[in-house]
Amino acid sequence: MLNRGRNIEKGRVITRRMFILAAAKILLFAGISSRLYNLQISDREKYEILSDKNRIREWKTPPQRGIIVDNFNKVLASNDRVFQLHLILDEINDFDVTIFKIKNIIGLDKFQVQKLYKKKERLKPWDTLVVSDNLTWEQFSKINLYLHELEGAKPVLSTSRFYPYANDLVHIVGYVGDASPKDLEKPEIKENFVPGLKVGKYGIESSQEKMLIGNYGIKRYEVNASGKRISQIDYIKERQGNKVNLTIDIEIQKYAQELLKGKAGSICAMDIFTGEVVAMASSPTYDPNKFTHGINQKDWQEIRNNPLKPLINKSIAGLYSPGSTFKPLVALAALEYGILDPNKTIRCKGHKHPYELYGVKYHCWKKEGHGYMKLRNAIKQSCDIYFYEMARLLGVDKLSIIAKRYGLGTNVLGDLYNDEKNGLVPDTKWKRRTLEQSWYLGETVINGIGQGYIQTTPLQLCLMTAQIANGGYKIKPHIIKDDSINYKDVINKIKIDQSSFPLHERNYLDDINVEYYQRMYHKKSNINFVLDAMFGSTNEQYGTSYKSRYDDPKYQFAGKTGTSQVRRITDLDRELDLDTEQIDYKKRDHALYVAFAPYKDPRYAISVIIEHGGSGSKAAAPLASKLIKRIIDRHKLREQFNNGNTSLA
Amino acid sequence: MLRERIPASNYSFLDKLKSIDYLLILLILAIGSISVFAIYSTEGGKFSFYTKNHIIRLSVFFSLFLVLSFVRVSTWYKNAYLFYLIGLILLLVVLFFGISASGATRWINLYFLNLQPSELMKIAVIICFARYYHRIQSSDIQSIKFLIQPIILLIVPCYLVIQQPDLGTSILIAGSGIAIIWLAGLNIKYFVYSGLLLLVSLPFAISILKPYQKSRILTFFNPDRDPLGAGYQIIQSKIAIGSGGFFGKGYLKGTQSYLEFLPEKHTDFIFTLFSEEFGFLGSIILLFLYILLIYRIINVGLVSRSFFAKLYCFGFATAIFLYVFVNIAMVLGMLPIVGAPLPIMSYGGSSLLSIMLGLSIVMSCKIYNQEQISVY
């Protein structure tokens, strides 16, 4: 019985211990349940996101770049079909073998193969390697022929930038290329970038990147743990960049570029009311299409080593002394400030008796002298002596106020071109500040004929001419179409300004800021005087550009020649008096010409600069004359198009 | 009282059928069929290798379970030590002739099955200890003399299993053994002292761990330590379970497992897959099935007369609980990844065999629950 009692006790212990264990089990299971609750109910969202991140991978698809068109909607920069070869890396078993086969099929050199290996190292295993972004048709069809032997190879029809007018527009439109690390810092590129996307490198392509680049598309794929695509689950289509509409007329641009062929220089043409740049040619030029897929070394060296410097956009980045093209503005300033009576007579006695100031001699360009000159004649025949004296009387500070007001000394197109120069309109303060020297009167004297410190770009000269030609009104020069600016509105605004004339309380002789489409002159008669003198310069005998004139009032224009010295003329030079052709190219004068047309009802201003072209009347004015005819011939078309807008498109 | 006098050998077959625990069988079948669906899902919804094998094994071992259920409980009792001895010999065979996979030597090639003796040892320890404590007087239980023997019986297989190396199974073997010592009534102070001793010796224990085991433990404390290496499994497992939500992603729609983010999804991480596809609801139901299973096993122990049967059933129930708890806690990131399968659910012949074997002994306890087993 004792045994039995013990056994009962033992059974009790076992059962009791079992219940204690069971309680522990229940507790632990409760712990598991609460953990499950935490993971699956409380933190569900967090884990769902993590799970999606795991299984979904995005591929960005590149957008098409916006096109660039001219005033008439003619395409200047398009997206052309190109043949490309891509390699899907995760479909390739042996990269070396595949590359070897491809190398033989499309004929890659050692250097290109090395480049591909380097490129591959930077990619992720599921990425796509672009073997070539511009295959020829033969290469492309060959690849297609051997496709079954090439694992992972994918021939792709893609688009790339194409410039149909190649050389004619590169300085305006610019070009695209692979993005550099610096490009990628720009927010508009950073936000929209897809590897392989070409970005603007210069000109409109670069400054209008935000408009042109578009938005990339997104393809979402479900992928497995090793990154292999299982299925596409989402596709947000890419958006093409916006169209950029330029004010350029490609026909005129092409012609201007043709006129400059073989020369170094620039031609700019502008609507004097709307400020639309109609043409802005720079020579020599180069082919932007070569840059799209990376320019080869030989072509690059050719461009870089050209002594005529094709890479410089001479219209806005070339700095020149304006020479005599500056004279109308000097005359205007002198008249405005009432420095001299236009009837004042000064005698130009030729090289034997030059203008003299404190013992320094200043010569007129004309050896035998102009004789007795009044202001109108001095402009017409470009007499330097008259302008020396006038500048002396006027003083450089007053001259600089007027020069700056009419568009010199600041860049014309704002931040559109990162290489556009401001030029320089000197005054006494400027010299003291930057050179820490006092101004010499002699510097004023040569400033009067557009020499010395003064520096201008061709586009500035064009703007200056435009703002005199339109009757002395400030306009807003632009090269990207602005629909808010049209001829009728501008004329309207100018008329309102004219009618409010007596109400003006401002002193136009002070250094004041003038708003757009408001007058810049003190007296209207002064502007008219200068315009008339420029008419004489072109259309009257002894005028410096008389030979380039048109008698037909439809084309009749008025202008001013300029010959800008690139070095000091010595007494020896004067004695030798060589022809342009006999002088070393680098030492020849720059030839300049500014003009506006038609004279009776002006609408366009033009500036021409031929580097080392010799005299303005011989080298520059004839080109201007030819271009003016072309511009006027196309004026009606342009006017109709711009009014009806798309009626001619 | 009347039945008590009828010797067990005289039970009619009908009596035996009557005393079968049908609910237990139902539970086994339920969990078994869930496991088939889960393994079918690990193969991406294709009826192929793993699913086929699992179904074959389930049917074979379930039949074995039914047949062995009719073995008399006294037969199990008599052969308990033999059972243990066979397990030990097999472990030694593994030590010298075992076949290796992924750095561990755990298996014996039996041609139709790669047997993992450590899995059998889990059951052998329980049955051996149940016999040992069956005959010990409650007055002797506290004596050191009777305590040393089971500790040696426990340490030897645990050591052999750790050598394979297989920390998880070793812990489970030790856990089941200790559970029976506890049930037998050993004074609580021993458990407290040895617990303290374990804590103190933990730094030393960690220092003799294999590097991968160490990294698993460190990773357990901070899975982000190495998210693509040692922490990968636990992070991906948590993502899978968490993203399942309340109702789950739907059957065959678990992206984590379907897209191969989950490692070992048909063995140790089968619960993760199940939980991702069936959510909180499904997981709780599965957990409930296991609780019911454990409850039924305990119930058999409660209605058994012999200490052997009671100790065995309670011990086995605790072992099942340990397997389930360790596995689920592991995939939920509550315990380090130690490599412990989920009973019945996980793919793996030896584990299934040992569970079915264990269950058949439970059933035999149920059928012969009135059988008296002599203490001597």
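Trainee: How many aromatic pairs does a search of the whole structure find over all chains?

Mentor: The search gives 40 aromatic pairs over all chains. Rings of Phe, Tyr and Trp (its six-membered ring) pair if their centres lie within 6.5 Å; planes under 30 degrees apart count as stacked, over 60 as edge-to-face and the rest as tilted. This is a predicted model, where local features need pLDDT of at least 70, side-chain atom pairs count only at pLDDT 80 or more, and totals for chains, interfaces and linings use all residues. Residues are numbered from 1 along each chain as its sequence is written, chains are lettered from A and ligands numbered from 1 in the order in which they are written, and side-chain values use heavy atoms, with hydrogens and water left out.

Trainee: How is a pair of aromatic rings described?

Mentor: By the distance of the centres and the angle of the planes. Take B:Phe49 and B:Tyr50: their ring centres are 5.3 Å apart and their planes stand at 70 degrees, so the pair is edge-to-face.

Trainee: Is B:Phe49 buried or exposed?

Mentor: B:Phe49 is exposed, at 52% relative accessible area. Buried means under 20%, exposed over 50%, partly exposed in between (1.4 Å probe, protein chains only). B:Tyr50, at 27%, is partly exposed.

Trainee: Which residues form one aromatic cluster?

Mentor: A:Tyr37, B:Phe246, B:Phe247 and B:Phe280.

Trainee: What is B:Ile217 in contact with, neighbours within four places in sequence aside?

Mentor: Contact means heavy atoms within 4.5 Å. B:Ile217 touches B:Leu209 and B:Pro336. The C-alpha atoms of B:Ile217 and B:Pro336 are 5.4 Å apart, though 119 residues separate them along the chain. B:Ile217 belongs to helix α10 (residues 211-221) of chain B. Its relative accessibility is 19%, so B:Ile217 counts as buried. Helices here are DSSP runs (H or I, at least four residues), numbered from the N terminus.

Trainee: At what angle do helices α14 and α22 of chain A pack?

Mentor: Axes are lines fitted to C-alpha atoms, for helices over the stretch in contact, and angles run from 0 to 180 degrees between N-to-C directions. Helix α14 (residues 327-336) and helix α22 (residues 524-539) of chain A pack at about 150 degrees, with axes 9 Å apart. α14(A) and α22(A) are therefore roughly antiparallel. Angles under 35 degrees count as roughly parallel, over 145 as roughly antiparallel, 65 to 115 as roughly perpendicular and the rest as oblique.

Trainee: How do α3 and α15 of chain B cross?

Mentor: The axes of helix α3 (residues 49-68) and helix α15 (residues 349-367) of chain B come within 8 Å and cross at roughly 25 degrees. That makes α3(B) roughly parallel to α15(B).

How values were computed. Helix = DSSP H or I, 4+ residues; strand = E, 2+ residues; numbered from the N terminus.
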